[in-house]
Amino acid sequence: MSDHRNVLYFLLGILTAAIVVLGYNFYQAKKQPDGFQINVGPNGVKIEGK
């Protein structure tokens with residue numbers, strides 16, 4: 001019985017780690033980049049701070 005419990009805890013730990021990693025990757029993808037953006041168009045140069 002103890003072996004089954006250890007396997008269950010191991011799988012639960014792997015699942016938790018996967019959720020944390022996927023959540024962090026999703027957060028990084030949605031986060032706006034730091035810095036500024038320079039646009040050159042027909043109306044001239046436009047600089048936006050982020």
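This note goes through the predicted model point by point, from confidence to strands, surface patch and charged pair.

1. Basis of the note. Because this is a predicted model, local features need a pLDDT of at least 70 and side-chain atom pairs count only at pLDDT 80 or more, while totals for chains, interfaces and linings use all residues. Residues are numbered from 1 along each chain as its sequence is written, and side-chain values use heavy atoms, with hydrogens and water left out.

2. Confidence. The protein averages a pLDDT (the predictor's confidence in each residue, from 0 to 100) of 88, and 96% of the residues score at least 70. Among the elements (DSSP runs numbered from the N terminus, helices being H or I of at least four residues and strands E of at least two), helix H1, residues 2-30, has the highest mean pLDDT at 94, whereas strand E2, residues 44-49, has the lowest at 83. Where pLDDT is low, the predicted coordinates should not be read in detail.

3. The hairpin. Strands E1 and E2 form a hairpin with two residues between them, and they pair (DSSP finding at least two bridges between two strands) in the antiparallel sense over six bridges. Within this pairing, Ile38 stands opposite Ile47 in E2, and Phe36 stands opposite Gly49 in E2.

4. Cover. Strand E2 is hardly covered, since the count of buried residues among its six residues is zero; buried means under 20% relative accessible area, exposed over 50%, and partly exposed in between, with a 1.4 Å probe and protein chains only. Phe36, which is found in strand E1, counts as exposed at 58% relative accessibility.

5. The nonpolar patch. Phe36, Ile38, Val40, Val45 and Ile47 make a nonpolar surface patch of about 580 Å². Patches are made of residues with over 30% relative accessible area and no salt bridge, like charges being joined within 9 Å and nonpolar side chains (Val, Leu, Ile, Met, Phe, Trp, Tyr) within 5 Å. Strands E1 (36-41) and E2 each supply at least two residues of this patch, and the largest share, three residues, comes from E1.

6. The charged pair. The count comes to one salt bridge, the term meaning a side-chain nitrogen of Lys or Arg within 4 Å of a carboxyl oxygen of Asp or Glu. The side chains of Glu48 and Lys46 meet in this salt bridge at 3.2 Å, N to O. Glu48 is partly exposed with a relative accessible area of 26%, and Lys46 is partly exposed with 47%.

How values were computed:
Accessible areas come from the Shrake-Rupley method with a 1.4 Å probe; for residues, only the protein chains shown count as cover.
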